[in-house]
Amino acid sequence: MVLDDRQKIGVLLTGFGIFFTFFGVLLFFDRGLLAIGNILFLSGVCFGLGWRKTMNFFFQKRKLRGSICFLFGLFLVLIGWAFFGIIVEGFGFINLFGDFFPIAFAFLRRLPIIGNIFNLPGVKYIRDKFQSSNVDYY
């Protein structure tokens, strides 16, 4: 899989956005870090997918509730209500990207060390509850 320069910038911005958001949560919901993380994440998705595909993704009829929650949570973080914003944003994130989780779990199962952890009995039970049966595990 070859990425062009725009997509590489998108991956980098998305990664920085996730890092800043995670770091903002670790520092007891620091508003500045959460706002920077959200803006970087959203701009990274726009760069990675392109403007039109991003708009099509966020405003699909079946994902509209998740989009509204995600963007409303972003707004709450930007106006200073970081704790409630992250909760609403997390709900929206799960609704938006929930279809991707089984694919991510299938990929993580193929990694050397993490795959062994995913095959432990307790973790396997939880993993199987979240995974759908239509994902290939080559």
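These legends accompany several close-up views of a predicted model. Because this is a prediction, local features need pLDDT of at least 70 and side-chain atom pairs count only at pLDDT 80 or more, while totals for chains, interfaces and linings use all residues. Residues are numbered from 1 along each chain as its sequence is written, and side-chain values use heavy atoms, with hydrogens and water left out.

**View 1. The whole chain, for orientation.**
The chain holds eight helices and zero strands, and its pattern along the sequence reads α-α-α-α-α-α-α-α. Helices (H or I, at least four residues) and strands (E, at least two) are DSSP runs, numbered from the N terminus. Along its principal axes, the C-alpha trace spans about 45 × 35 × 30 Å. The chain has 138 residues, and 30% of them count as buried; here buried means under 20% relative accessible area, exposed over 50%, and partly exposed in between (1.4 Å probe, protein chains only). Among contacts in the chain with a separation of 6 or more, 53% come from residues 24 or more positions apart. Contact, here and below, means heavy atoms within 4.5 Å.

**View 2. Helix H4 against helix H5.**
Here helix H4 (residues 64-79) meets helix H5 (residues 82-97), with axes that come within 7 Å and cross at roughly 160°. Axes are lines fitted to C-alpha atoms, for helices over the stretch in contact, and angles run from 0 to 180 degrees between N-to-C directions. H4 and H5 are therefore roughly antiparallel to each other. For such angles, under 35 degrees counts as roughly parallel, over 145 as roughly antiparallel, 65 to 115 as roughly perpendicular and the rest as oblique. H4 passes H5 in a left-handed crossing, a term used if the near helix is turned anticlockwise from the far one by less than a right angle (right-handed if clockwise). On the H4 side, look for residues including Cys 69, Phe 70, Phe 72, Leu 76 and Val 77; their partners in H5 include Phe 84, Ile 86, Val 88, Phe 91 and Phe 93. The residues of this contact of H4 with H5 divide into 13 nonpolar, six polar and two charged. In this sorting, Ala, Val, Leu, Ile, Met, Phe, Trp, Tyr, Cys and Pro count as nonpolar, Asp, Glu, Lys and Arg as charged, and the others, Gly among them, as polar.

**View 3. Helix H2 beside helix H5.**
The axes of H2 and H5 come within 11 Å and cross at roughly 25°, so H2 and H5 are roughly parallel to each other. H2 passes H5 in a left-handed crossing. From H2, Arg 31, Leu 34, Asn 38 and Phe 41 meet Ala 82, Ile 86, Glu 89, Phe 93 and Phe 97 of H5. The residues of this contact of H2 with H5 comprise six nonpolar, one polar and two charged.

**View 4. Asn 38 and its surroundings.**
Asn 38 sits in helix H2 and is buried, with a relative accessible area of 3%. Leaving out residues up to four places away in sequence, Asn 38 touches Thr 21, Leu 74, Val 77 and Glu 89.

**View 5. Thr 14 in helix H1.**
Thr 14 belongs to helix H1 and counts as buried at 18% relative accessibility. Its contacts, not counting residues up to four places away in sequence, are Leu 40, Phe 41, Gly 44 and Val 45.

**View 6. The loop between H1 and H2.**
Two phenylalanines can be found in the loop between helix H1 (5-26) and helix H2 (31-49): Phe 28 and Phe 29. Phe 28 has a positive phi of about 60° although it is not a glycine, and phi of Phe 29 is near 60°, likewise positive in a residue other than glycine. Phe 28 is exposed, with a relative accessible area of 75%, whereas Phe 29 counts as partly exposed at 26%.

**View 7. A cluster of aromatic rings.**
Phe 41, Phe 57, Phe 58, Phe 70, Phe 93 and Phe 97 are linked into a cluster by ring pairs. Across the whole structure, a search finds 13 aromatic pairs. Rings of Phe, Tyr and Trp (its six-membered ring) pair if their centres lie within 6.5 Å; planes under 30 degrees apart count as stacked, over 60 as edge-to-face and the rest as tilted.

**View 8. Asn 95 on helix H5.**
Asn 95 lies in helix H5 and is partly exposed, with a relative accessible area of 27%. Aside from neighbours within four places in sequence, Asn 95 is in contact with Arg 65 and Gly 66. Asn 95 and Gln 60 are 35 residues apart in sequence and 12 Å apart in space, C-alpha to C-alpha.
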